[in-house]
Amino acid sequence: MEMLSKFFTCTMNSVTSKCMVLLVTVLILRALLFPSFPGFDGIEWSNLVYIRTPLLNFDFGIRQDKFLVVPQIVWGLNNQKIAFARACLTARMLNRTLLMPSLSASLFYKEVDLLQPISFDKIFQFEKFNTLCHGFVRLGRYSDVLNRTQVLEMEKGSGRRWTVERDLSQLKEHGKGSFDDHEVIRIVGKNPFLWHDHWPVKDYARIFECLYLTEEIAKEVDRVVSRIRAVGRKITDNNEAVEMQSIITDDGPSFEPLPYVAVHMRIEIDWMIHCKNLERRLNTNQICSGKKEIVERVRNIAGLKTPVVVYLAVADKLLNNSSILDNWEEGFVPFEKKKLGVDGIYKKYPYLIQSAIDYEVCLRADTFVGNSFSTFSSLIVLERTQKMIRMNGTNLCGENVRWPSYAYNIPGTSNGPKRWVTNMSESNLQSISYGTNHISC
């Protein structure tokens with residue numbers, strides 16, 4: 001009995017020793033692999049949305065109890081999309097939820113008092129955004145905030161002295177210590193589009209992929225695209241253009257969709273003045289393109305099958321200018337929203353939604369042709385490039401690829417437009433935000 005007792009005592013001591021060694025080992029590993037991160041103290045893991053890090057096999061989270069507020073987002077649709085994405089990435093850097101920002105329904109550049117704020121979820125699907133961007137960035141509602149009185153204001157610097165380095169330092173500083181203790185940080189100052197850019201193109205592309213139009217707006221896009229394809233089917237059947245009334249119904253066509261070309265035609269007077277000044281400043285002649293040059297280059301796209309419908313995405317001020325539909329020659333049948341009979345769809349909505357509809361119509365086109373110095377065109381090409389990559393595309397600039405895009409302001413093969421894909425490896429969004437004639441193909 002005494003020997004048995006000694007045996008159990010020895011065994012228990014051995015097990016206890018092993019447990020102690022194991023516990024100490026676990027604590028050491030935890031200290032090495034899970035260092036204390038600013039803002040993580042006292043937060044329940046149930047309040048976190050998890051992110052899988054590629055370097056270590058454990059999870060961090062975008063906090064749901066710390067928030068970032070940004071100024072109203074303004075200017076054109078795609079300036080606003082870039083500004084929104086930059087705000088999301090700023091919130092990600094601070095490990096905060098971005099409170100749903102206000103967009104601008106109207107297009108005013110200087111008259112700030114005339115801006116019409118519109119909620120993000122009136123244009124894009126809020127819940128779907130959070131689902132698709134789960135673990136990368138997160139949107140919140142103001143009702144999520146517990147204390148709205150103690151808000152820390154962070155003022156963005158401006159001018160030449162406010163460098164990229166100073167801006168990045170400010171962001172890092174506000175991600176730790178007493179700054180990070182605040183439930184809400186509000187950034188004040190200039191529009192997020194004008195903030196310094198610290199993120200690669202791939203991060204922006206990931207956010208753009210999460211932006212889906214509301215169901216109401218998406219249905220309007222479907223109606224416009226259905227009408228374009230209905231025209232294409234009739235033209236293909238008869239090998240000639242016909243009157244719209246005989247081929248369009250409110251319910252849309254019931255036959256298989258046929259290809260169409262979308263051309264973002266920038267030839268309005270204010271654009272031409274701007275791009276001529278830009279050409280002089282940059283010492284280039286590959287920014288402005290007149291209507292004649294655009295038509296000629298579209299006609300010279302290699303391998304484009306005709307007859308084909310060409311949808312012209314143009315400013316409303318050009319809708320009464322019938323000359324944009326002239327001189328396209330046989331096989332190319334141009335339509336803009338007025339001739340297509342869908343201008344009534346657009347007129348129901350403010351500028352921002354009209355632009356969102358046109359953007360999606362161009363994005364869905366089988367072939368897209370735009371200007372590489374237009375933010376509208378550049379973002380469409382970015383999303384089309386991302387779509388090609390997602391479909392396991394490797395030779396993005398090869399022949400017979402799906403969803404090809406072209407820049408009409410840059411000459412390509414046989415005086416056609418230059419093939420265009422986005423360089424997804426770029427370290428920032430500079431060339432997309434402000435334009436470039438150095439395109440990948």
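Buried means under 20% relative accessible area, exposed over 50%, and partly exposed in between. Keep those cut-offs at hand for this tour of the cysteines. The model is predicted.

**Stop 1: Cys-133 and Cys-210**

Select Cys-210. Its relative accessibility is 3%, so Cys-210 counts as buried. Show the sulfur atoms: a disulfide joins the two residues, S to S 2.2 Å. Check the torsion about the S-S bond. At 95°, the link of Cys-133 and Cys-210 is right-handed.

Next, colour by secondary structure. Cys-133 sits in the loop between α3 (126-132) and β7 (139-140), and Cys-210 in the loop between α6 (201-208) and α7 (215-238), so the bond ties together parts that are 77 residues apart in sequence.

**Stop 2: Cys-275 and Cys-288**

Move to Cys-275. With a relative accessible area of 0%, Cys-275 is buried. Select Cys-288 as well. Cys-288 has a relative accessible area of 9% and is likewise buried. The two form a disulfide, with sulfur atoms 1.9 Å apart. Read the S-S torsion here: 125°, a right-handed link between Cys-275 and Cys-288. Cys-275 belongs to helix α8 (residues 269-282), while Cys-288 is in the loop between α8 and α9 (291-299), so this pair ties together parts 13 residues apart in sequence.

**Stop 3: Cys-397 and Cys-441**

The torsion about the S-S bond is about -85°, so the disulfide is left-handed. The pair links distant parts of the chain, 44 residues apart. Cys-397 is in the loop between α13 (375-390) and β14 (405-411), and Cys-441 is in the segment after α14 (430-434).

Cys-397 is partly exposed, with a relative accessible area of 35%. Cys-441, at 19%, is buried.

**Stop 4: the whole set**

Zoom out. The structure holds three disulfides. Number the bonded cysteines in sequence order, and the pairing reads 1-2, 3-4, 5-6.

**Stop 5**

The cut-off for a disulfide is 2.5 Å between sulfur atoms. Cys-88 is buried, with a relative accessible area of 1%. Finish at Cys-362. Cys-362 is at 0% relative accessibility and counts as buried.

Notes. Residues are numbered from 1 along each chain as its sequence is written. This is a predicted model: local features need pLDDT of at least 70, side-chain atom pairs count only at pLDDT 80 or more; totals for chains, interfaces and linings use all residues. Side-chain values use heavy atoms; hydrogens and water are left out. Helices (H or I, at least four residues) and strands (E, at least two) are DSSP runs, numbered from the N terminus. Buried means under 20% relative accessible area, exposed over 50%, partly exposed in between (1.4 Å probe, protein chains only).
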